[in-house]
Every structure is written in structure tokens, then in C-alpha cells.
Amino acid sequence: QVQLVESGGGFVQAGGSLRLSCAASGGTFSSYVMGWFRQAPGKERECVVALFWSGGSTSYTDSVKGRFTASRDNAKNTVYLQMNSLKPEDTAVYYCAAAQASLGRDTYYYRAPNRYGYWGQGTQVTVSS
């Protein structure tokens with residue numbers, strides 16, 4: 001059974017940085033696509049970034065381009081989200097998600113939450129102004 005455990009959330013002032021981690025277990029992740037999502041109170045869950053575990057392109061939502069960077073450590077089965085220049089509007093619960101990738105689909109296809117069958121418990125990120 002695939003399990004995802006996020007960590008690294010917290011409270012930070014605007015302009016600060018945080019790095020989120022998502023430790024994955026219970027699967028062979030080389031064929032998976034991973035997503036970082038966030039959900040603010042009263043808002044829909046949105047994809048921050050989708051990336052293939054095997055490498056290749058990533059797909060970021062426009063509001064985080066140039067500020068957030070996703071990466072992975074294959075040896076540790078861990079995906080990271082480095083968040084710089086944080087803004088109050090980045091405040092949300094951040095979730096890691098995983099799905100087995102389908103042939104012929106790019107990362108943009110995986111920006112929809114319903115593409116994913118595995119989710120972590122979420123980690124709160126709060127950015128003060």
C-alpha cells in the first residue's frame with residue numbers, strides 16, 4: 001500500500017522560505033507521477049506542481065513559477081518542494097499525491113486532483129504579511 005508522509009510546513013513571514021518533504025513508501029515509484037497540491041480555506045484544491053518520478057518536464061501553476069522548485073531524491077523515495085519568496089496568498093494546507101503514470105500523458109494532464117489515487121495527510125503552511 002502506497003503511503004505518503006509530508007513534513008516541513010510551518011509559520012513564516014512573507015519573503016521567507018520553507019522546504020516541504022514527501023516521503024513515499026509501499027510502491028515502485030519510477031513509474032509514478034507526483035503532485036504537490038494546496039488548499040486554502042474556502043477554496044478548491046489546486047495543483048502547485050506535477051512531476052514524473054523518472055524525470056523530464058514539470059508543470060507549475062503560474063502563481064508559483066520562479067519561486068517554487070520541485071525535486072526528488074530517488075535513493076530516499078522523497079519528493080521536495082522548495083518554496084522561496086513566500087507570500088500570504090501561499091497560505092494553505094499542502095498535500096503530496098501520487099499516481100501511476102499513463103503512457104502518453106504529460107505533466108499538465110496530472111494537474112487535476114482526480115488523477116491521483118494516493119494522498120498524504122497534508123502539512124500546514126502559514127505566511128504572515
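Guide: Two strands pair if DSSP finds at least two bridges between them, and the strands themselves are DSSP runs of E with at least two residues, numbered from the N terminus. This is a predicted model, in which local features need pLDDT of at least 70 and side-chain atom pairs count only at pLDDT 80 or more, while totals for chains, interfaces and linings use all residues. Residues are numbered from 1 along each chain as its sequence is written, and side-chain values use heavy atoms, with hydrogens and water left out.

With these terms in hand, we can turn to the sheet. Five bridges join β1 to β3 (residues 18-25), and the two strands run antiparallel; within β3, Ala-23 is the bridge partner of Val-5. The open sheet has four strands with antiparallel pairing, in the order β1-β3-β8-β7. Its edge strands, β1 (3-7) and β7 (68-73), each pair on one side only.

Two loop residues deserve a careful look as well. Most residues other than glycine have a negative phi. Asn-77, however, is not a glycine and has a positive phi of about 50°; Asn-77 is placed in the loop between β7 and β8 (78-83). With a relative accessible area of 25%, Asn-77 is partly exposed, a term for values between buried (under 20%) and exposed (over 50%), computed with a 1.4 Å probe and protein chains only. Ser-85, found in the loop between β8 and β9 (92-100), has a positive phi of about 50° although it is not a glycine, and its relative accessibility of 41% makes Ser-85 partly exposed.
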